[in-house]
Structures are given as C-alpha cells and as structure tokens.
Amino acid sequence: MKTPIYVTQPYLPPLAEFIPYLEKIWENKILTNGGPFHQQLEKELCEYLGVKHICLFTNGTIALVTALQALRINGEVITTPYSFVATAHSLLWNGIKPVFVDVDPNTLNLDPAKIEAAITPHTTAIMPVHCYGHSCDVDAIQKIADNYNLKVIYDAAHAFGVKCHCGSVLNHGDLSVLSFHATKVFNTFEGGAIICPDAKTKQRIDQLKNFGFVDEVTVVAPGINGKMSELNAAFGLLQLKHIEEALSRRREIDASYREQLVEVKGILCLNGKNQAADNHSYFPILVQANYPISRDELYQKLKDHGIFARRYFYPLISDFPMYRSLPSAQRDNLPIAADAAVRVLCLPIYPTLDTDQIKKIVNVIKEVSKQ
Ligand SMILES: Cc1ncc(COP(=O)(O)O)c(C=O)c1O
C-alpha cells in the first residue's frame, strides 16, 4: 500500500532526547501550576521570539478567549471570515458580535481599506489573523485602531517566529495569540500563548488563566483554567532546540514547490510579503479559472494518489450556521474571501517531507495541466 502523504506531520525530536525531561518531572513531582519547565519555556520563548512577555496556555483557543477577557473587550469586533473557526468562536464565547470584513486579494489577510466602513459606535476592537503566517498590514491596522480608539488582538496562531519590517510581528497590536497545536510549526502537542507588552498585563493574564487567583485566598476575576502543564512545557523546550533545523527544511520545501510550479498555468502560489522572514507554515496555492479542473477536482485527484491536501480555509467562518445570519456574513460583503475559499488548496509541507514526495505531488498537478 502507498504511504499516504498528509498536509502536515507533527515534528517530533528523537524520543531519547525527551526522556531526561520526563525523569526530571518524576523526580521533582511538579506537574503544572507554573512549574520550572513552564518558567524556563517562557524565558526561552521571549528570547527566541524577540518579545517582552509571554503567557503560556493549554491551547490557542483558550488563549484567544482569555486575551479578549484581559482587555475587557465587548460589543462588536471586526475580524476576518478567512480563518480557522476558533478565531470567531473566541468572540462568541465572550458574548461579542463578530463583524466580518473582506480580505486583501494578495495576502488573504483582513483588508485595512475595508475596516473603517465596518466601524460602528459598538466597535471595541479588531481581531486580524496573520493567515498562513503571512503578516498583516500591521501599520495600516494600527493607524485605524488609533484613530478610532480600538484595541487590536492578533490571532497569530500561524505566525510563530515570523518577522516584519521592525522585528517580530508578534510585537504589534495590544496582544498576539499563538497556537502550539500539533499541526503548527512549533508544537507542544497542544498549547498556546499570549504575547503582551508589559508586566502588568502579563500579571492579569496569568491570574485569568489560573481561575482568577492572586493568592491562596484571593480571587480577583472569574478566571478559567488555561495553564500549560509541565509535560507540554518540557516538550516545548526540546522543540525549541530543533526549531531552526525545522524552519530551514520548510524553507527548502517552499522554494522547491515554487520552482517546480512556477510554469504551471492556472496555479498561483500565494506569497507572503517577506518570503525571507516567513515560517512556511503552510503552502497555499490558488487554482485559477484557466486550470483544466476545479479546486475540488484537484483535491480529489491528489487524494486518489494518496496525497491529502487541505482546503484551508473553506468553508468561510461566515458560512457556518452560528454566523451566517449576521449582516456582515453575507456573500456580497465578502467577495474576495468567498472566491479564495473555493480556489485554495494547502499542499503538504513539513520538515520530513522528502524530495520524491514533493515531486510526486507536483507531478499530479502538472499532469492535469497538460490535459
Ligand atoms: C488561525 C487559528 N486560530 C486559532 C486556532 C486555535 O488554536 P488551538 O488549536 O491551539 O486551540 C488555530 C488552530 O488550531 C488557527 O489556525
């Protein structure tokens, strides 16, 4: 039987390297609640990512929910329909109304030129997504936020290690939220984090993720349990030792796809603004009208060859039942996102994807183009 090629495969360092971390946990019997590995991972991630403060979480979704709580966001929040559903779900979990705004045709990130028209007296914040790890137009978004006194919370689930013109993209906005899910560039099995600019905000977030406790007898907010365990933090520390090699292999795979697909008519490889500072977390292509078959047909054809590409992001968040009756969810408000959702296909990309597998994937796409 052919070995299936999935869109991603989690990066797992050699098991033997993880054993000493487990021995340490067994020795000191600290499993969670901000233990030594948790503290060490926060410190090492701040250094690696070039950020001031980080709060580790059990996953990215709880981190998003908590970020909104930390800034006391309510009313309406402007966001993108072109993302993983957790982006908008975090708003609903806070009783906030999502207001969908269309995306930029080149980056598929929230289009700053369309944000202003969606602002109402109830708008309190903007929640953009650095989709595929391609950075948003952070300066344009900040300008609008400043003009209208709005907070900006970036869903940076895809943007681990991504840089922009002034350093880490994670330093933009009021808060940035990362996911360390198994499918991500940097994973802790499950996990996430909030990047914040000052110690006071970190303290509030740390309280919120620990039920609102300040000390044994004082609870200052209706917090949640969002703490990352020692096991996950230990795995993160080990991952961090291998991250450069994982990123560099991703860069090579990205370049190889681009080189081989450049002349295939009807296939457009999506570009980040700054290829060199990308993390190559995904490899999205857009199947254009002049390609002989549709995106769904290509998706199926690849599947027939044991290649499991994914249609990220289809359907649009705004098409799910809990959102589709919102005025901003209507199709004529989101033409660019709607078009991208039926054309996009994310090809497999992960550090152990080898040259032969890339060739096999490219060949299926090329063969169709010759029809
Ligand atoms: C854009 C985006 N936001 C949020 C999440 C949620 O993160 P998690 O799975 O860690 O809860 C994900 C992915 O899983 C995502 O892709």
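1. How many residues in the lining of the second largest pocket are nonpolar, how many polar and how many charged? In this predicted model, the lining of that pocket has 1 nonpolar, 6 polar and 4 charged residues. The residues concerned are Asn33, Gly34, His38, Gln39, Glu42, Asp206, Gln207, Lys209, Asn210, Phe213 and Lys227, and the space they line comes to about 210 Å³. Helix H2 (36-49) and helix H6 (199-208) each supply at least two residues of this lining, with H2 giving the most, 3 residues.

2. By class, the lining of the largest pocket is made up of 18 nonpolar, 12 polar and 5 charged residues. At least two lining residues come from each of H3, H4 and strand S9 (175-179), and the largest share, 3 residues, is supplied by H3.

3. Turning to the ligand itself, 15 residues surround it, and the closest of them are Gly60, Thr61, Asp155, His158 and Ser179. In Thr61, a polar side-chain atom lies 2.6 Å from an oxygen atom of the ligand, while in His158 a polar side-chain atom lies 2.8 Å from a ligand oxygen. For Ser179, an N or O atom of the side chain is 2.7 Å from an oxygen atom of the ligand. Taken alone, the ligand would expose 390 Å², of which the protein buries 92%.

4. Which elements give two or more residues to the shell around the ligand? They are helix H3 (60-70) and helix H4 (86-92), and H3 gives the most, with 3 residues. The shell around the ligand divides into 4 nonpolar, 9 polar and 2 charged residues.

5. Rolling a probe the size of a water molecule over the atoms shows where empty space is left. The count for this model comes to 4 cavities of 30 Å³ or more, and the largest cavity holds about 60 Å³ of space. Its lining consists of Ala157, His158, Ala159, Phe160, Ser179, Thr183, Lys184, Val185, Asn279, Ser281 and Tyr282, which divide into 5 nonpolar, 5 polar and 1 charged.

6. Some points of backbone geometry remain for a reader who wishes to inspect the chain. Most residues other than glycine have a negative phi, and most peptide bonds are trans. Against that background, the peptide bond from Tyr312 to Phe313 is cis, with omega near 10°, and a cis peptide bond also joins Tyr314 and Pro315, where omega is about -10°. Phe313 is placed in the loop between strand S15 (307-308) and helix H9 (335-343), and Pro315 likewise has its place in the loop between S15 and H9.

7. Where is Arg72 found? Arg72 is in the loop between H3 and strand S3 (76-79), and its phi is near 55°, a positive value in a residue other than glycine.

Conventions:
Residues are numbered from 1 along each chain as its sequence is written. This is a predicted model: local features need pLDDT of at least 70, side-chain atom pairs count only at pLDDT 80 or more; totals for chains, interfaces and linings use all residues. Side-chain values use heavy atoms; hydrogens and water are left out. A residue is near a molecule or strand if one of its heavy atoms lies within 4 Å of it. A polar contact is a pair of N or O atoms within 3.5 Å; within protein, one must be able to donate a hydrogen and the other to accept it, and residues adjacent in sequence count only if both atoms are side-chain atoms. Accessible areas come from the Shrake-Rupley method with a 1.4 Å probe; for residues, only the protein chains shown count as cover. Helices (H or I, at least four residues) and strands (E, at least two) are DSSP runs, numbered from the N terminus. Ala, Val, Leu, Ile, Met, Phe, Trp, Tyr, Cys and Pro count as nonpolar, Asp, Glu, Lys and Arg as charged, and the others, Gly among them, as polar. On a 1 Å grid over the protein atoms alone, a cavity is a set of points where a 1.4 Å probe fits but cannot get out, and a pocket is an open set with protein on both sides within 12 Å along at least five of seven lines; lining residues have an atom within 4 Å of a point. Grid points are joined across faces, edges and corners, and a volume is the space filled by probe spheres set on the points.
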